[in-house]
Amino acid sequence: MDEKPATVIPTLEDIRAAVELELERAASSTLPVSIHLLRTLPADAEQTGLPARKTSGAAGWDLRYVPPSGFKAMDARPEKGVPNAAVSVSPLGVVTLYQGGCVKLPTGIRIAVPEGYEAQIRPRSSLAAKGLIITNSPGTIDSDYRGEVKVLLTMAQSSTITIMPGDSIAQLVFTPVYEPEFQVCSETEFNELTTERGAGGFGSTGA
């Protein structure tokens, strides 16, 4: 019978080296991200369409809705073959969402996230308070994705919201990605990795 490979347990030195590496990554104040502007906002608009943050301490960079010319309700639907009466788009690209409406809105940019990182698309609190949420929150932009950044939005409340071209619709947060090294172990070995919580889930720790 073939012997099962022994479980590799990281040493204290391994853990310290990994922590130091992440501290070095975190200490860097900037992250080079290549960006391609597919479209720009009208010339008289104050914003350029580039992601921007409101304050120097903000973690998220605002993403704006920048539609192409002739953008229609059919283009905004996540599934183009599925009609949705809760979504309308005016000839000027103004989007109106009613309760249950779901759209996929373009931002007019492509970005190249450095390897070892991801870009997360997160909700804006001001919009979430009105019932507009990121459908797949947080959305993930992988380092090998080169298409246009688009945002999935759903109107959850029984009210109406209007989105104008140039409006901030989400925020972009860049975070490091850790590559796991999966270590197969036996049931006995796994059960030895005990915690106070154990297998409890879905409200087991309280409301």
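1. Overall architecture. The model under discussion is predicted. The protein chain contains 4 helices and 11 strands. Of its 207 residues, 30% count as buried. Among contacts between residues at least 6 apart in sequence, 71% join residues at least 24 apart. The accessible surface of the protein chain amounts to about 13800 Å², and 56% of that area belongs to carbon and sulfur atoms.

2. Nonpolar core. Which residues of the largest nonpolar core touch the most other members? In this core of 30 residues, they are Leu97, Leu105, Ile121, Leu153 and Ile163. For Ile163, the contacts beyond four places in sequence are with Tyr65, Gly93, Val94, Val95, Leu97, Leu105, Leu132, Leu153 and Ile169.

3. Ile109 is buried because its relative accessible area is 1%, against a limit of under 20%. Beyond its neighbours within four places in sequence, Ile109 is in contact with Ile35, His36, Leu37, Leu38, Gly49, Pro51, Leu63, Gly147, Glu148 and Val149. The C-alpha atoms of Ile109 and Lys150 are 8.7 Å apart in space, and the two residues are 41 apart in sequence.

4. The salt bridge of Glu148. Glu148, one of the residues in contact with Ile109, forms a salt bridge with Arg39, with 2.4 Å between the closest N and O atoms. The pair links distant parts of the chain, 109 residues apart: Glu148 is in strand β9 (residues 148-155), and Arg39 is in the loop between β1 (34-37) and β2 (61-64). Glu148 counts as buried because its relative accessibility is 15%.

5. How many salt bridges does the count give? The count comes to 3. Lys54 and Asp62 meet through their side chains in one of them, at 3.9 Å from N to O. The side chains of Arg124 and Asp62 also meet in a salt bridge, again at 3.9 Å from N to O. This second pair links distant parts of the chain, with Arg124 in the loop between β6 and α3 (125-128) and Asp62 in strand β2, 62 residues apart. Through shared partners, the salt bridges join Lys54, Asp62 and Arg124 into one network. Is Lys54 buried or exposed? Lys54 counts as exposed because its relative accessibility is 63%, whereas Asp62 is buried, with a relative accessible area of 7%.

6. Gln120 and its polar contacts. Gln120 is placed in strand β6, residues 117-122. With a relative accessibility of 13%, Gln120 counts as buried. Its side chain makes polar contacts with the side chain of Glu118, at 2.9 Å, and with the side chain of Arg122, at 2.8 Å. Beyond residues up to four places away in sequence, Gln120 touches Pro138, Gly139, Gln171, Leu172, Val173 and Thr175.

7. A cis peptide bond. Pro138, one of the residues touched by Gln120, lies in the loop between β7 (132-134) and β8 (139-141). The peptide bond from Ser137 to Pro138 is cis, with omega near -10°. For context, most peptide bonds are trans.

8. The loop between β1 and β2. Leu41 lies in this loop, where Arg39 is also placed. What is the relative accessibility of Leu41, and why does this residue count as buried? The value is 10%, so Leu41 counts as buried. The C-alpha atoms of Leu41 and Pro68 are separated by 9.7 Å, and these residues are 27 apart along the chain.

9. Nonpolar surface patch. Ile15, Val19 and Leu23 make a nonpolar surface patch of about 270 Å². Leu23 belongs to helix α1, which covers residues 12-27. Leu23 counts as exposed because its relative accessibility is 56%, and the limit for this class is over 50%.

Technical notes
Residues numbered from 1 in each chain as written. Predicted model: local features only at pLDDT ≥ 70, side-chain atom pairs only at ≥ 80, totals over all residues. Heavy atoms only, no water. Helix = DSSP H or I, 4+ residues; strand = E, 2+ residues; numbered from the N terminus. Buried < 20%, exposed > 50% of the residue type's maximum accessible area, 1.4 Å probe, protein only. Polar contact = N/O pair within 3.5 Å; in protein donor to acceptor, adjacent residues only side chain to side chain. Contact = heavy atoms within 4.5 Å. Patch = residues over 30% accessible without salt bridge, like charges linked within 9 Å, V, L, I, M, F, W, Y side chains within 5 Å. Areas by Shrake-Rupley, 256 points an atom, 1.4 Å probe, with all protein chains shown as cover. Salt bridge = Lys/Arg side-chain N within 4 Å of Asp/Glu carboxyl O. Core = buried A, V, L, I, M, F, W, Y, C linked by side-chain atoms within 4.5 Å.
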